Amino acid sequence: MREEDVPSPIDLKNLKDAQEWEKAAMQRPFRLDFFQAFCTQLSASNNPSLNVLELGSGPGFLAEYLLSRLPTLNISLLDNSPAMHSLAESRLVKYLDRVEFIEADFKQADWNKELDTFDAVITLQAAHELRHKRYAAEFHQQVRPLLGENGVYLFCDHYCGTDAMQNDQLYMSIEEQRQSLAAAGFFYQEILNKGGRCLYNAF
């Protein structure tokens, strides 16, 4: 029998809910450690002009961190919430000449069809918004055609396990995260595992 998707406790398309999420997000432990790890991985590409797509970009916290430290970076922010894009636009006002906003829902089968290729596709704590772990491998497969030559996929999400998340339908275990990347044809390297989250560089 097919398992049901896990319902979300909040509606991130609702401005009030999005604002509440925004207030709480940066209080989570180790968040800046992951921001720095993303920045380090992107810097290592030695690309004179980085064209990056962030999936599930939310209110723009990671984008702000990267734009402030990587002056040649241009970033496309994909989110299905106009409320989140509104918050991000306010946060990134100094960088708007290097930012594109894309409203799309990566739960839809064709969310990637109109997109160009990128030097990197990045996502931080957004994949579980697919609302069930069974969608992960297909999600990774949809990322592959968005990567240009030598492009990298920086994937990070919570995992299920001891001292981590406990919902084993919404969150993958570490082994399931690795299996889902491999099933989509990626090789991967674990970059940072901290606070119940793991960041991979996949290629």
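**Ground rules.** I number residues from 1 along each chain as its sequence is written, and I leave hydrogens and water out, so side-chain values use heavy atoms. Since the model is predicted, local features need pLDDT of at least 70 and side-chain atom pairs count only at pLDDT 80 or more, while totals for chains, interfaces and linings use all residues.

**Entry 1: the cores.** I looked up the nonpolar cores first. A nonpolar core is a set of buried Ala, Val, Leu, Ile, Met, Phe, Trp, Tyr and Cys residues joined through side-chain atoms within 4.5 Å. Buried means under 20% relative accessible area, exposed over 50%, and partly exposed in between (1.4 Å probe, protein chains only). The largest core has 34 residues. Phe 38, Leu 42, Leu 66, Leu 73, Ile 75 and Ile 122 touch the most other members. Elements giving two or more residues to this core include helix H2 (31-43), helix H3 (61-69), strand S2 (73-79) and strand S4 (118-124). I take helices (H or I, at least four residues) and strands (E, at least two) as DSSP runs, numbered from the N terminus. A second, separate core holds 30 residues, among them Phe 106, Ala 136, Tyr 159 and Leu 181.

**Entry 2: Ile 122 and Val 121.** I count a contact when heavy atoms lie within 4.5 Å. Beyond four places in sequence, Ile 122 touches residues including Phe 38, Leu 42, Leu 66 and Ile 75. Val 121 sits in strand S4. Is Val 121 buried or exposed? Val 121 counts as buried because its relative accessibility is 0%. Past its neighbours within four places, its contacts include Leu 53, Leu 55, Val 143 and Leu 154. Its C-alpha atom is 7.9 Å from that of Gly 151, 30 residues apart along the chain.

**Entry 3: Val 6.** I found Val 6 in the segment before helix H1 (15-25). Val 6 has 17% relative accessibility, so I list this residue as buried. What does Val 6 contact, leaving aside neighbours within four places in sequence? The partners are Arg 131, Asn 167, Gln 169 and Leu 170. The C-alpha atoms of Val 6 and Leu 170 are 6.4 Å apart, across 164 residues of chain.

**Entry 4: Ser 57.** Ser 57 is in the loop between S1 and H3. This serine is buried, at 5% relative accessible area. Leaving out neighbours within four places, Ser 57 contacts Leu 77, Leu 78, Asp 79 and His 85.

**Entry 5: the rings.** I counted nine aromatic pairs. Rings of Phe, Tyr and Trp (its six-membered ring) pair if their centres lie within 6.5 Å; planes under 30 degrees apart are stacked, over 60 edge-to-face, and the rest tilted. Phe 106 and Phe 139 make a tilted pair, 5.0 Å centre to centre with 55° between the planes. Phe 106 is in the loop between strand S3 (99-103) and S4, and Phe 139 is in helix H5 (residues 136-143), so the pair ties together parts 33 residues apart in sequence. Phe 106 and Phe 139 are buried. Elsewhere in my notes, ring pairs link Tyr 153, Phe 155, Phe 186, Tyr 188 and Tyr 200 into a cluster.
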